[in-house]
Structures are given as structure tokens and as C-alpha cells.
Amino acid sequence: MMERNGNGAKDFGRNGVVVYMKKRELGEVSKKERSHRLSKLGRELLYYGLTELYGLEGEKEPIGKTPYGKPYLVHHPEIHYNISHSGSVAVCAFAPFPVGVDIQEKVPSAAEKIAGRFFSAEEVQEIQRSEDPERVFFQIWTREESFAKWDGRGLSHNLGSEKKTGYCFEFIPYEGYFGAVWTEKKVPVRFWRLGE
């Protein structure tokens, strides 16, 4: 369900996953500047969620990193979050347990070549059997990324692994994008699109 934020987010976030998303037109900018602006948008969503869901002043919360580089809130380790951005969209997921989220804009790619190098044999076959190999490629890629971010050790430890624990919820944040949320078990996931 996609909806604008409402009073239910705070209560919902105690047991499930809340994902805030926002699209911002960035104009013609360099790749570096686009990444910078999207990172800033991701932080805006983080601060918004910390205020909306937990009553915290997000900008004042110190952020630490695990040995593998996964960010966490130093004074509130019970609040788990994860940020992703692609194209002109950023998302931030919140949960009372570890969570990973990834989004990807569907752009032309060498899907089968990349898949052959990084994906499991089963995933490569899934792409090859598909009538829309690029769509399946991006679905698999977001699943892989969200799992790696949930696990906290990064893609190098997980990419192409046939055996994955936990639960994946796939979603379409905006037309032309793919997304996935990963958690340890099947839980409700609710999405809120925030205006520009």
C-alpha cells in the first residue's frame, strides 16, 4: 500500500517496517553531484522518520558504523534503519529489528553479462528464462543488495549466494524503479511517499 504519511506510521513502526520514499527532480548534474544530492535526500528521510516515528531530533543523533560499515544510531541501537537511492529517488526503511532496503532505477544494462559474473546459477537461469530479462535482473539485484544490507557485511560476502535466510518483500517505489526490503522474518511493510 502506498500512501501519504498519517498517524498510523508511529504505531505501525513498533512491529513492522516503515519505508519513507521521496522523488526529487535533480536536473542535469554530474554523476558526483547527483549522488551527493540523493545522499542528502536520504538523510532528510532518515531525520524525518526519526522525528515522526520516534520523537527524536534526527539531525542531532550521532551515527556510528559497524566494522563492515553498516550505519547505526549510537544512542538508539534499538532503532534500525537503512537508506538507498537511485535515479532521482531515495528511500529510508525503519524497523525494531535489522532491516535492509535497496532500490534501483531500471536503466539499460548488460544484464546477462553482469548476472553471469555475480549471480548464482539459479538466478542466471531465472533471467535467461524470462520474457523480460532486464526486469528480472533488477528484481534480483535489489533482492541481493537488500539482503547484503540487512546482513550488514556487504555484497562481497553475500552476492550470488544460493542460500539466504530471512524474508524479502519486493515493491515498486515509482514507475521505472524496483525495490526490495529484507528482514529476518515475514512482517508487515508499509510505505509512505512524501511530497517534493
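This is a predicted model: local features need pLDDT of at least 70, side-chain atom pairs count only at pLDDT 80 or more; totals for chains, interfaces and linings use all residues.
**Helix 2**

Begin by selecting residues 31-54, which form helix 2.

Next, show the side chains of the buried residues in helix 2. Among them are five to pick out in order: Leu 38, Leu 41, Leu 45, Leu 46 and Leu 50. Leu 53 is buried as well, and the glycines Gly 42 and Gly 49 are also buried. Then step just past the end of helix 2 to Gly 55, where phi is positive, at about 70°.

**Arg 143**

Move to helix 5, residues 133-151, and select Arg 143 within it. Which side chains make polar contacts with that of Arg 143? One is the side chain of Glu 126, at 3.5 Å; another is the side chain of Glu 170, at 3.4 Å. Leaving out residues up to four places away in sequence, Arg 143 also touches Cys 168, Ala 180 and Trp 182.

**Arg 193**

The last stop is strand 10, residues 189-194, which contains Arg 193. Is Arg 193 buried or partly exposed? Its relative accessibility is 31%, so Arg 193 counts as partly exposed. Now display the backbone of Pro 173: its oxygen lies 2.7 Å from a polar atom of the Arg 193 side chain. Lys 23 and Arg 193 are 170 residues apart in sequence, while their C-alpha atoms are 8.4 Å apart in space.

Terms used:
Residues are numbered from 1 along each chain as its sequence is written. Side-chain values use heavy atoms; hydrogens and water are left out. Helices (H or I, at least four residues) and strands (E, at least two) are DSSP runs, numbered from the N terminus. A polar contact is a pair of N or O atoms within 3.5 Å; within protein, one must be able to donate a hydrogen and the other to accept it, and residues adjacent in sequence count only if both atoms are side-chain atoms. Contact means heavy atoms within 4.5 Å. The expected span of a helix is 1.5 Å times one less than its number of residues. Buried means under 20% relative accessible area, exposed over 50%, partly exposed in between (1.4 Å probe, protein chains only).
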